[in-house]
Amino acid sequence: MKEIKINVPDNQAELFAEKLSALIKECGGETNLGTEKEEIDLYDTSIPIWERIKTVEDAIAYTGMTLPDCIGELPLDVQAMMKLRIVCAAYNELTVDELDQFPLFTEDEYRYYPWFLLYTKEEIDRMDEEERSRVLGRSYYVANAYAGVACSYAYYASSFSSACSGGRLCFKTRELAAQCGERFAKLWGQFFAFLKEED
């Protein structure tokens, strides 16, 4: 048996392993991709939450929240929003019974959200492969995000978007927002409609 080693950026390794494993199985082969998941106690507070919650499945297990059976029939951005809702609750260390504890929308409460930069084609062309793998989409020069109370909307497709709610998609700290934005970049890209299912 021949062994092949492929270097894949960390933020793409899990997806790459899943797709490669599916392809090998489809061709009738066996896989040993080293994707066995290390058992981590999801509730061990000595480990940062972003090291405990690495997948949507981890977030579901931690929070006790569920996705509807019909989720596959919904538009991709709605699927992503529902998954992110669970991931954000997990990153804020909330279970299904504690969801009313954050956000509280009090005057002294700060909420954070991942911030994604938009690049020109020229800037993307100058990036190395690792930097380019983190680019979600390209668009118009304006992008705003506000974590408010009432509703969310987007217009001009991915070119100009403004979210005026999403308190449930916010985080208690900057670090949580940054870690979740990086780990779940593809999901955020699908939510903001920068990425399609095949991306």
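Biologist: Which residues are buried in helix 7?
Modeller: This is a predicted model. In helix 7, which spans residues 174-183, the buried ones are L176, A177, C180 and G181.

Biologist: Why do they end up on the same side of helix 7?
Modeller: They cover an arc of only 125° around the axis, so they share a side of helix 7. The general point: an α-helix has 3.6 residues a turn, so residues three or four places apart point the same way.

Biologist: And which residues are exposed on the other side?
Modeller: R174 and E182 are exposed there.

Biologist: What covers the buried residues of helix 7?
Modeller: The cover includes helix 2 (49-52), helix 4 (76-91) and helix 8 (185-191).

Biologist: Let's move to helix 3 and helix 4. At what angle do they cross?
Modeller: Roughly 60°. Their axes come within 8 Å, with helix 3 being residues 56-63.

Biologist: What do we call that orientation?
Modeller: Oblique. Angles from 65 to 115 degrees would count as roughly perpendicular, and under 35 as roughly parallel.

Biologist: Left-handed or right-handed crossing?
Modeller: Helix 3 and helix 4 make a left-handed crossing.

Biologist: Which residues meet there?
Modeller: From helix 3, V56, A59, I60, Y62 and T63. They meet K83, I86, V87, A89 and A90 of helix 4.

Biologist: How many of those are nonpolar, polar and charged?
Modeller: The contact of helix 3 with helix 4 has 8 nonpolar residues, 1 polar and 1 charged.

Biologist: New topic: R168. Where is it?
Modeller: R168 sits in the loop between strand 3 (160-163) and helix 7.

Biologist: Why is R168 classed as partly exposed?
Modeller: Its relative accessible area is 35%. Buried needs under 20% and exposed needs over 50%, so R168 lands in between.

Biologist: What is R168 in contact with?
Modeller: Setting aside neighbours within four places in sequence, R168 is in contact with R85, C88, L99, F102 and P103.

Biologist: How far apart are R168 and I86?
Modeller: In sequence, 82 residues. In space, 9.1 Å, C-alpha to C-alpha.

Biologist: Now the whole chain. How many helices and strands?
Modeller: The protein chain has 8 helices and 3 strands. From the N terminus on, the order is α-α-α-α-α-α-β-β-β-α-α.

Biologist: What share of the chain is buried?
Modeller: Buried residues are 33% of the 199 residues.

Biologist: And what share of contacts links residues 24 or more positions apart?
Modeller: Such pairs account for 52% of the contacts with a separation of 6 or more.

Technical notes:
Residues numbered from 1 in each chain as written. Predicted model: local features only at pLDDT ≥ 70, side-chain atom pairs only at ≥ 80, totals over all residues. Heavy atoms only, no water. Buried < 20%, exposed > 50% of the residue type's maximum accessible area, 1.4 Å probe, protein only. Helix = DSSP H or I, 4+ residues; strand = E, 2+ residues; numbered from the N terminus. Arc of directions from axis to C-beta. Contact = heavy atoms within 4.5 Å. Axes fitted to C-alpha atoms, helices over the stretch in contact; angles between N-to-C directions. Parallel < 35°, antiparallel > 145°, perpendicular 65-115°, else oblique. Left-handed = near helix turned anticlockwise from the far one by under 90°. Nonpolar A, V, L, I, M, F, W, Y, C, P; charged D, E, K, R; others polar.
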